Amino acid sequence: MQVLRKLLFPISLIYGLIVFLRNRLYDMGIFSSRSFAVKTICVGNLSVGGTGKTPMIELLIRELSENYNVAILSRGYKRKSEGFLLSNEQTTVEEMGDEPFQIKSKFPKITVAVDEDRRNGISQLEKLISPDVILLDDAFQHRKVKAGYSILLTSYDNIYTKDWYLPTGDLRDSKREAGRADLIVVTKCPANLSPSEKNKIKESIHPKPHQKVLFSYLSYNKELKGDILTLDTLKGKNVTLVTGIANPAPLVKFLNSEGITFEHLKYKDHHFFTDQEIDVLKEKECILTTEKDFVRLETKLANLSYIEVKHEFFDNTRELMKKELLKFMTTIS
């Protein structure tokens, strides 16, 4: 695969040129970027693959929902519906998409909507809900909307400054667009990341004066949800790890460090399981999966548990992020 990606380098040059021209047209005002009266916070990245956007949205919900009416707007990737859809108690994961459905399941009092046209989605939420703030999931490259505050995520093992355009690399947008971010979070760092390495990464990112760079690592909850209650209970069982996420490597590494023996059935990101695949999984003794996969499997399997994950920040810098968010929320537009 790596050889093939290198052979496709000429295509990546064409893709990069298209991305550059598109952004220039927005910068010059030829393509319009619309602002909204309601406060908007964008969470996104420059690359394809998992950088922890959904756990970051969940963190923002926890930080803001106590004092503000928060709404979530997502595209609802790979959902089996079209147009604007506001979630309710009858909405299914197939209609919403796995990530928005996961958020609504975990935070039932929060408004969650999906719309591939984010301008329309924001307008609908303003009219129907009148929220204090809308969190835009995976919308950094969506320049038709000019977010009030932007959080750019980049994974420690694939920092955007060292990446290249698709299909040779993983970049779907230009590195220079990182300059539009207010906050840059380097996610999925090793828990023992040294101060000197943080400084090297900051130097490579070269943040602008208005930007702050924070570092986070993934924290897995050893108290499981579902059929099995704790991680220790998995020891000695025939465990099957089922993942349909972009990058399961951190989870695999964590389970190995905890002494869990398992087979790993790896599917593509946002995979909807076929009846045949479900029949195979029903024969497994014990299935462990991610929270995103759980919402697609919970009605189909009984022998199922999932492990929660969240971002933890180094050096108590979560308080710094909270301070920045509250500053944005209290600033008069």
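P167 sits in the loop between β6 (149-155) and β7 (183-187). Helices (H or I, at least four residues) and strands (E, at least two) are DSSP runs, numbered from the N terminus. The peptide bond that joins L166 and P167 is cis, with omega about 0°. This is a predicted model: local features need pLDDT of at least 70, side-chain atom pairs count only at pLDDT 80 or more, and totals for chains, interfaces and linings use all residues. Residues are numbered from 1 along each chain as its sequence is written, and side-chain values use heavy atoms, with hydrogens and water left out.

S130 is not a glycine, yet its phi is positive, about 55°. S130 lies in the loop between α6 (118-128) and β5. D138 is not a glycine either, and has a positive phi of about 55°. D138 belongs to the loop between β5 and β6.

## The chain overall

The protein chain has 11 helices and 14 strands. Its radius of gyration, taken over C-alpha atoms, is 20 Å. The globule rule (2.2 Å times the number of residues to the power 0.38) gives 20 Å for 333 residues, so the chain is as compact as a globular protein of that length. The C-alpha trace spans about 60 × 45 × 40 Å along its principal axes.

Of the 333 residues, 50% count as buried. Buried means under 20% relative accessible area, exposed over 50%, and partly exposed in between (1.4 Å probe, protein chains only). Contact means heavy atoms within 4.5 Å. Take the contacts with a separation of 6 or more: residues 24 or more positions apart account for 75% of them.

## Helix α3 against α5

Two packed helices are described by the angle between their axes and the distance between the axes. Axes here are lines fitted to C-alpha atoms, for helices over the stretch in contact, and angles run from 0 to 180 degrees between N-to-C directions. The axes of α3 (residues 53-64) and α5 (residues 98-106) come within 11 Å and cross at roughly 30°. That makes α3 roughly parallel to α5. Angles under 35 degrees count as roughly parallel, over 145 as roughly antiparallel, 65 to 115 as roughly perpendicular and the rest as oblique.

The crossing of α3 past α5 is right-handed. A crossing is right-handed if the near helix is turned clockwise from the far one by less than a right angle, and left-handed if anticlockwise. On the α3 side, T54, I57, E58, I61 and R62 take part; they meet E99, Q102, I103 and K106 of α5. This contact divides into 3 nonpolar, 2 polar and 4 charged residues. Ala, Val, Leu, Ile, Met, Phe, Trp, Tyr, Cys and Pro count as nonpolar, Asp, Glu, Lys and Arg as charged, and the others, Gly among them, as polar.

How much of α5 is buried? The helix is mostly covered, with 7 of its 9 residues buried. They are D98, E99, P100, F101, Q102, I103 and K104. These buried residues pack against α3, β2 (70-74), α4 (93-96), β4 (111-114), β5 (133-137) and α10 (291-297).

## Helix α3 against α11

The axes of α3 and α11 (residues 318-330) come within 11 Å and cross at roughly 65°. The two helices are therefore roughly perpendicular to each other. Again the crossing is right-handed. From α3, M56, L59, L60, R62, E63 and L64 meet R318, M321, K322, L325 and M329 of α11. The residues of this contact divide into 7 nonpolar, no polar and 4 charged.

## Two residues in detail

L297 is found in helix α10. Is L297 buried or exposed? L297 is buried, with a relative accessible area of 0%. Leaving aside neighbours within four places in sequence, L297 is in contact with V242, F273, I278, L281, T289 and L304. A246 is 51 residues from L297 along the chain, and their C-alpha atoms are separated by 17 Å.

K310 is found in strand β14 (residues 309-313). K310 counts as partly exposed, at 42% relative accessibility. Not counting residues up to four places away in sequence, K310 touches P55, Y217, L218 and S219. K310 and S33 are 277 residues apart in sequence and 32 Å apart in space, C-alpha to C-alpha.
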